[in-house]
Amino acid sequence: MRMGPVYARRMNYELFYWPTIQGRGEFVRLALEEAAAPYVDVARKPESEGGGVGALMRVMGDEAVSPPPFAPPFLRAGSLVIAQTANILAFLAPKHGLVPIDEAARVAAWQLQLTITDFVSEIHDVHHPISSGLYYEDQKPEALRRAKAFTSERMPKFLSYFERAIERNPKGNGAHAIGDALSYVDLSLFQVMSGLSYAFPKAL
């Protein structure tokens, strides 16, 4: 059951993210797919059709875009260019029934999504503890030390928090983070757990 009004006139979206990795862009893709919203994954289109990484970089360098996106993912919706994963999801969710319509629930969902953003940043930094510009192989000793601290301290802290949030949702019956139906927060938690299973299978 959808939790909010779905637009009668469907907007065609353009998603801009790196074509070869899931990363933060996958959180947005999951929401768009669940909503069955028409969209184009621009960087995955052939360059001959106006796609590719070049198209992504052109939007980032376009002086008419204000404020400019700092980094992918970002979404073009009509004349709007919206950056930051949590911000994109907060924009999409009310339009496509992926969050309850009342303000308190929408703010709570955004709070949880921002905490997921913090968690994802810490997950990423395990493999790049010195610099994002260096390969994992260039900082492996430091990454191994960081992984030990992350799996023993930080990962349990975040997962316990999300478990409490789900348990305290009065309408969720232990199955949903917000409200009584699937929300973008649930989709994001699914993606986080999938990523943890891949990156830290033994610890998880």
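**Helix packing, rings and backbone**

Me: At roughly what angle do the axes of H1 and H6 cross?
Reply: This is a predicted model in which local features need pLDDT of at least 70, side-chain atom pairs count only at pLDDT 80 or more, and totals for chains, interfaces and linings use all residues. Residues are numbered from 1 along each chain as its sequence is written, and side-chain values use heavy atoms, with hydrogens and water left out. Axes are lines fitted to C-alpha atoms, for helices over the stretch in contact, and angles run from 0 to 180 degrees between N-to-C directions. The axes of H1 and H6 come within 9 Å, and they cross at roughly 130°.

Me: Which orientation class does the pair H1 and H6 fall into?
Reply: Helices (H or I, at least four residues) and strands (E, at least two) are DSSP runs numbered from the N terminus. Angles under 35 degrees count as roughly parallel, over 145 as roughly antiparallel, 65 to 115 as roughly perpendicular and the rest as oblique. With axes crossing at roughly 130°, H1 and H6 are therefore oblique.

Me: Is the crossing of H1 and H6 left-handed or right-handed?
Reply: A crossing is left-handed if the near helix is turned anticlockwise from the far one by less than a right angle, and right-handed if clockwise. The crossing of H1 and H6 is right-handed.

Me: Which residues of H6 meet H1?
Reply: Contact means heavy atoms within 4.5 Å. On the H1 side, the residues are Glu26, Phe27, Leu30, Ala31 and Glu34. Their partners in H6 are Leu187, Ser188, Phe190, Gln191 and Val192.

Me: How many residues of H1 are buried?
Reply: Buried means under 20% relative accessible area, exposed over 50% and partly exposed in between (1.4 Å probe, protein chains only). The buried residues of H1 are Gly25, Glu26, Phe27, Val28, Arg29, Leu30, Ala31 and Leu32. Their cover includes strands S1, S2 and S3 and helices H3, H4 and H6. H1 spans residues 25–34 and is mostly covered, and of its 10 residues the buried number 8.

Me: What is the angle at which H4 and H6 pack?
Reply: Helix H4 is residues 103–127 and helix H6 is residues 184–199. Their axes lie 10 Å apart. H4 and H6 are roughly parallel to each other, and their crossing is left-handed. The packing angle is about 15°.

Me: Which residue of H3 has a relative accessibility of 1%?
Reply: The residue lies in helix H3 and counts as buried. Leaving aside neighbours within four places in sequence, its contacts are Phe27, Val28, Ala31, Gln113, Tyr184 and Ser188. C-alpha to C-alpha, Gln113 is 8.6 Å from this residue and 24 residues apart in sequence. The residue is Leu89.

Me: How is the aromatic pair of Tyr161 and Phe162 classed?
Reply: Rings of Phe, Tyr and Trp (its six-membered ring) pair if their centres lie within 6.5 Å; planes under 30 degrees apart count as stacked, over 60 as edge-to-face and the rest as tilted. The count by this rule is 6 aromatic pairs. Tyr161 and Phe162 are 5.3 Å apart centre to centre, with 65° between the planes, and the pair is edge-to-face.

Me: Is Phe162 buried or exposed?
Reply: Ring pairs link Phe162 into a cluster with Phe119, Phe150, Phe158, Tyr161 and Phe200. Tyr161, at 24% relative accessibility, counts as partly exposed. Phe162 has a relative accessible area of 5% and is buried.

Me: Over the face of which residue does Lys95 lie?
Reply: A charge sits over a ring if NZ of Lys or CZ of Arg is within 6 Å of the ring centre and within 35 degrees of the ring normal. Lys95 is 4.0 Å from the ring centre of Phe91.

Me: What is the omega of the peptide bond from Pro72 to Pro73?
Reply: Most residues other than glycine have a negative phi, and most peptide bonds are trans. The bond from Ser66 to Pro67 is cis, with omega near -5°, and Pro67 lies in the loop between H2 and S3. Pro73 is also placed in the loop between H2 and S3. The bond from Pro72 to Pro73 is cis, with omega near 5°.

Me: What is the phi of Gln84?
Reply: Gln84 is in the loop between S4 and H3 and counts as partly exposed at 48% relative accessibility. Gln84 is not a glycine, and its phi is positive, near 75°.

Me: What is the relative accessible area of Asn173?
Reply: Asn173 lies in the loop between H5 and H6. Although not a glycine, Asn173 has a positive phi of about 55°. Asn173 is exposed, with a relative accessible area of 75%.
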